[in-house]
Each structure stands twice: as structure tokens, then as C-alpha cells.
Amino acid sequence: MLPAARRRFLLLGGATVAPALLAGCGFALRQPPRLAFASIAFTGFGPRSPMALALRRAIAAPTVVVDDPARAEVVLQALEDRRDKTVVASTAAAQVREVQLRVRLAFRVDTPGGRELLPRAQLLLERDMSTSETAALAKEREEEELFREMQADIVQQVLRRLAAIRL
């Protein structure tokens, strides 16, 4: 058994050396993409679009989201922002057994003057989900969670594309 003073010294030494070793290997927490412009405006989204809200939340400082496209350096125009739920399989008694969930975002990025920065791009994510009448509430929650995860994935893809823009 080590004396208490020596144990404290080893624990303290390990606590100070471990971060240095991790920093030396290139480890770093994932940071949000850095955008090369100071302001962005969103157009074409519905009044209460969950996608627009998620994009607003994901834009990190120092970039700000402005409401007036004329005052923004970059304008992200939503051409299509849609969530779909389609029946894929049903029983002979017309009970739904499997559905397909889709989140689609088509957009383009321009300057307020009309210069194209990113041409039309479309992001589409699909997930299949089984259903059951006996677990309807749980399946409803699962559907909401799948939509939320797909939306978060699309937001990250849009941010990576916005980070590639050089004015």
C-alpha cells in the first residue's frame, strides 16, 4: 500500500499529464463549422418551419441571423422544406405495419445582389419504421424522434456546405 502523500502525487501528476497527452495526439472536441461571413438570412421557409428554427439555433457566433435579406451577406433560400410519411406495408385487413418517414430540404445560397454562391442542392433522408396499434403512443414518440434526428442531420450537412463558402 502506497503512503497517502505518494498516492496524491501520482493522482495529481496523472491528472495534469493526461490532458497534455490528449492534446498532443490531435484530440479535440467537435466544434461547429466556422462560417466565413458575418450575417445570413433565411427565405422561403414556412412561418413555423422546424427546419428554419433548427438552422437558426445551429448558426454559431460570430455569424448572426438577420430577418432582412438585403442586410445579410448571404441569403439561404429554401426551395422545398417538407416532411412526409408514407405507408409502405399493410395487412390484408388494411392495418398499417410499416411507414417510411422522409425529410427533404432543397435550397440555394446567394448574395443579396443575386450572385450564386451555392447552386440548388437537395438533401433527402429516409427512415423506415414499423407500426403497431397496441403501442400507438410509443410509435408516435418514435416517429417524432426520427424526424428530429433526420432534421439535425440535415442541419449539420447544410452548415458544412455553408462553411465551404468563400465570399
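Helices (H or I, at least four residues) and strands (E, at least two) are DSSP runs, numbered from the N terminus. Gln-151 lies in helix H3. The model is predicted: local features need pLDDT of at least 70, side-chain atom pairs count only at pLDDT 80 or more, and totals for chains, interfaces and linings use all residues. Residues are numbered from 1 along each chain as its sequence is written, and side-chain values use heavy atoms, with hydrogens and water left out.

Charged pairs were examined next. Side chains of opposite charge can pair when their charged atoms come close. A salt bridge is a side-chain nitrogen of Lys or Arg within 4 Å of a carboxyl oxygen of Asp or Glu. The whole structure holds 11 salt bridges.

One of them pairs Glu-80 with Arg-104, with 3.7 Å between the closest N and O atoms. This pair links distant parts of the chain. Glu-80 sits in strand S3 (residues 74-90) and Arg-104 in strand S4 (residues 96-110), 24 residues apart. Arg-104 is buried, because its relative accessibility is 16%. Glu-80 and Arg-104 also belong to a network of salt bridges that includes Arg-82 and Asp-84.

A salt bridge also forms between Arg-97 and Glu-133, whose closest N and O atoms are 3.1 Å apart. Here too, distant parts of the chain are linked. Arg-97 is in strand S4, while Glu-133 is in the loop between strand S5 (116-130) and helix H3 (136-163), 36 residues apart. Arg-97 is partly exposed, at 31% relative accessibility. Glu-133 is partly exposed as well, with a relative accessible area of 44%.

Arg-108 and Glu-116 meet through their side chains in a further salt bridge (3.6 Å, N to O). Arg-108 is partly exposed at 25% relative accessibility. Glu-116 is partly exposed at 44%.

Note on methods:
Buried means under 20% relative accessible area, exposed over 50%, partly exposed in between (1.4 Å probe, protein chains only).
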